[in-house]
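User: I have a structure to go through with you. Could we begin with the pocket and then turn to other features?

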Amino acid sequence: MVNLHTTFMGLPVKSPIIAGSSGLTGNATSIKKLADAGVGAVVLKSLFEEEIIRESAIIQAAQVSDMKGNAEFFDYLDYELKQDALERYATLIREAKTQTDIPVIASINCTTNGEWASYAHKIEQAGADGIELNIMMLGSDSRLASSKVEELHFDIVKSVSKHTSLPLAVKVSPYFAAGASFFKRLSETGIKGVVLFNRFAGFDFDIESGNYTGGSVYSTEHDYSHTLRWVSILSKQVECPITASTGIHSGDTAIKMIMAGAHNMQLTSALYRHGAAFASTIISDIEKWMTKKGYTSLDDFRGCMARSESNRNDMFERVQFMKQFSNHK
């Protein structure tokens, strides 16, 4: 009999499969289906900082002609709009908690260290079991030094920590000048997990019309390699558990992430493509593989393929390149 119990953000979960933040975790009915399929926890659809700011700006612009110059009115309107968005999110948390007995994690998608950090307190009051800080930064501003981008992550964690006692995880982008150093320092801030990685929406444009278009919004089964590499490199170095994310579309890939050292993994695109029940398929595949190998718990093989500090990462990576192309004619 195999045991898939593990932890997510320090919370006990029944399986390593976590439903990642998406539209699939935006209503209680869908969340219940995911829980019934065996996911260990759900990360709710994100509360977007910039979405709240944009909604406030649009509504305020519509009021300009009638209330021009009334600063107190606009301050009040801004406050009420933000509180309304937060109350809707609190309602989602409460409804999710009534539908499931698994951890319900709130998600804040943030790009600045702003007043929204205080929202964490209301999220805690609504009954969330933890908060995932989804910090999506591409590093595309040439005026912003890499050290400033990194420091913003630490500032956000510090600010949110002041407003809540809930466990925090940080979901990060893969773009950092010195990733290993940054992720290690981030893990030492007291967070209970780091999620590798955010997946940015695809980018493209049409050569005939000259219009910008979006590329694929879903990951594929071939997109896991980058995450696997970094989970393997970091799992024995960081001070908090790692959650793997991006490209996990099969039991085999989920197993690889655990072998690399991940405590759990988030699924989003695979659930969109195949439905909530696909989580049970991946769980079943992990159980069958463990039975075949004689493993009874995830700890039996977690990290067996992780890189140790004694291994030469640079040599490992170059050897793979050399194997691929040395015999090329």
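**Pocket, aromatic rings and cysteines**

Analyst: This is a predicted model. Strand 13 (264-267) and helix 10 (269-274) each contribute at least two residues to the lining of the largest pocket.

User: Which element gives the largest share of that lining?

Analyst: Helix 10 does, with three residues.

User: What is the volume of the largest pocket, and which residues lie nearest its centre?

Analyst: The volume is about 650 Å³. The lining consists of 29 residues, and Ser21, Ser22, Arg199, Val217 and Thr268 lie nearest the centre.

User: How does the lining divide by class?

Analyst: The lining of the largest pocket has 15 polar, eleven nonpolar and three charged residues.

User: Changing topic: how many aromatic pairs are there?

Analyst: The structure holds 14 aromatic pairs. One of them, Phe176 with Phe182, counts as stacked because the ring centres are 4.1 Å apart and the planes lie at 20°.

User: Are Phe176 and Phe182 buried or exposed?

Analyst: Phe176 is buried, at 16% relative accessibility, and Phe182 is buried as well, at 0%.

User: Is Cys240 buried or exposed, and what about Cys304?

Analyst: Cys240 has 7% relative accessibility, so this residue counts as buried. Cys304 has 45% relative accessibility and therefore counts as partly exposed.

Definitions and conventions:
Residues are numbered from 1 along each chain as its sequence is written. This is a predicted model: local features need pLDDT of at least 70, side-chain atom pairs count only at pLDDT 80 or more; totals for chains, interfaces and linings use all residues. Side-chain values use heavy atoms; hydrogens and water are left out. Buried means under 20% relative accessible area, exposed over 50%, partly exposed in between (1.4 Å probe, protein chains only). On a 1 Å grid over the protein atoms alone, a cavity is a set of points where a 1.4 Å probe fits but cannot get out, and a pocket is an open set with protein on both sides within 12 Å along at least five of seven lines; lining residues have an atom within 4 Å of a point. Grid points are joined across faces, edges and corners, and a volume is the space filled by probe spheres set on the points. Helices (H or I, at least four residues) and strands (E, at least two) are DSSP runs, numbered from the N terminus. Ala, Val, Leu, Ile, Met, Phe, Trp, Tyr, Cys and Pro count as nonpolar, Asp, Glu, Lys and Arg as charged, and the others, Gly among them, as polar. Rings of Phe, Tyr and Trp (its six-membered ring) pair if their centres lie within 6.5 Å; planes under 30 degrees apart count as stacked, over 60 as edge-to-face and the rest as tilted.
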